[in-house]
Amino acid sequence: MYTRWSPELTTLLNPANGAQSVRIGNLRYHVLPCDLQNDLLKIASTLDDAIEGGIFQKHSKKTTASLFKVGETTVFGKHVRFHQKAFGLRFRYFVQPSRSFWTIVVAKKLEEAGLATPKVLAVGERRTLELISDSYIITEALKDAQTASAALRAQPNSYELLQNAGRLLRRLHDAGMAHGDIKLANFYVQGDSMGFWDLDSAMVFSGQTPQKWIIRDLGRLLSSFILTVDDVPQTQDYFRNAPEIARVLAEAYGIDVQAFLPSYYSYWLKKIKLKHDFG
């Protein structure tokens, strides 16, 4: 289990490796080596206002994600209000790193595996008596990137996006990781390239990725694709064929469809109540 003191994390935040840190009240804020380092350090005292004052990508009682300016550069920021969550969840992060800090570790692993994800620029968290109340992450904003779900809605009558996602997921698993929250919205498409974002639920394993996590990620991806094409009126009937969708994903990933479909059928299908017959 990774902890707040694991070397995989502390090394990345070490000033000897170029990171700079400030502490303001109960806020611990770390800026990683990047061209925006000085500008990002300047917003430490107004971090909440910077994220809340941006262009919202998500906004709820517990989470705000937005695009905002640091100097002349647009960045992406996310603020998770753990004080609005259950106490048990907050206590979980007494030893474990917050999701924002954990994302640094996962992003580094993806970089080492040659997998694309937005660069993490800064992270922060607030703790009272070591109990987390807020976490923050700032990453680069990818120009002209969109979620894979948005890309699919624009062109629903094709399996190309599903195939690319399946191949990319296989590379992630081969690198000893699982995403943990796989869905089309957590893949991004940027021109001809595809990558992962929203990595705070990812799992990193010391050896091979366990089969149960492979099955879980594949099932979630399959569900996400089916839900998306079902919701697009322009989708042709051929691309609503659930057995064919499952076969295409399995072939792109490189697995026998029967290795994951029974588990998907017995759990994920019931959970999301899809009205499909897989034969």
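This is a predicted model: local features need pLDDT of at least 70, side-chain atom pairs count only at pLDDT 80 or more; totals for chains, interfaces and linings use all residues.
Local features need pLDDT of at least 70, side-chain atom pairs count only at pLDDT 80 or more, and totals for chains, interfaces and linings use all residues. Residues are numbered from 1 along each chain as its sequence is written, and side-chain values use heavy atoms, with hydrogens and water left out.

Start with the sheet. Helices (H or I, at least four residues) and strands (E, at least two) are DSSP runs, numbered from the N terminus. Two strands pair if DSSP finds at least two bridges between them. Here 7 strands make an open sheet, in the order β1-β2-β6-β7-β5-β4-β3. The pairing is antiparallel. At the edges stand β1 (20–24) and β3 (55–59), each of which pairs on one side only. From one strand to the next, the twist averages 15°. Axes are lines fitted to C-alpha atoms, for helices over the stretch in contact, and angles run from 0 to 180 degrees between N-to-C directions.

Now follow the strand order from β1. β1 and β2 are antiparallel and share 5 bridges. I24 has L27 in β2 as its bridge partner. The hairpin of these strands has 2 residues between them, and G25 takes a positive phi near 60° there.

β2 is mostly covered, with 5 of its 5 residues buried. Buried means under 20% relative accessible area, exposed means over 50%, and partly exposed lies in between (1.4 Å probe, protein chains only). Which way do the β2 side chains L27, Y29, V31, R28 and H30 point? L27, Y29 and V31 point one way, R28 and H30 the other way, and all are buried.

On to β6. β2 and β6 run antiparallel and are joined by 5 bridges. V31 stands opposite A122 in β6. β6 (residues 120–128) is also joined to β7 (residues 131–140), by 8 bridges, again with antiparallel strands. V123 faces I137 of β7 in this pairing. Helix α5 (residues 99–112) lies across β2 (27–31), β6 and β7. The helix runs at about 150° to β6. Contact means heavy atoms within 4.5 Å.

Next come the charges. Side chains of opposite charge can pair when their charged atoms come close. A salt bridge is a side-chain nitrogen of Lys or Arg within 4 Å of a carboxyl oxygen of Asp or Glu. The whole structure holds 14 salt bridges.

One of them joins K78 and D200, whose closest N and O atoms are 3.4 Å apart. This pair links distant parts of the chain, 122 residues apart. K78 is in strand β5 (residues 73–81), and D200 is in the loop between β11 (193–196) and β12 (203–204). Are the two partners buried or exposed? K78 has a relative accessible area of 16%, so it is buried. D200 has 14% relative accessibility, so it counts as buried too.

A second salt bridge joins D174 to R170, with closest N and O atoms 3.0 Å apart. Both are in helix α7 (residues 160–174), and because they are 4 residues apart, about one helical turn separates them. D174 counts as exposed because its relative accessibility is 57%. R170 counts as partly exposed, at 29%.

D230 is in helix α8 (residues 211–230), and R240 is in the loop between α8 and α9 (242–253), 10 residues apart. D230 is partly exposed at 31% relative accessibility. R240 is partly exposed at 23%. Elsewhere, salt bridges that share partners connect R4, R28 and E130 into one network.

Last, the rings. Rings of Phe, Tyr and Trp (its six-membered ring) pair if their centres lie within 6.5 Å; planes under 30 degrees apart count as stacked, over 60 as edge-to-face and the rest as tilted. The structure has 10 aromatic pairs. Why does the pair of F205 and W213 count as tilted? Their ring centres are 6.4 Å apart and their planes are at 50°, so the pair is tilted. F205 and W213 are buried. Elsewhere, ring pairs link Y159, F225, Y238 and F239 into a cluster.

One ring also meets a charge. A charge sits over a ring if NZ of Lys or CZ of Arg is within 6 Å of the ring centre and within 35 degrees of the ring normal. The charged end of K85 sits over the ring of F82, 5.9 Å from its centre.
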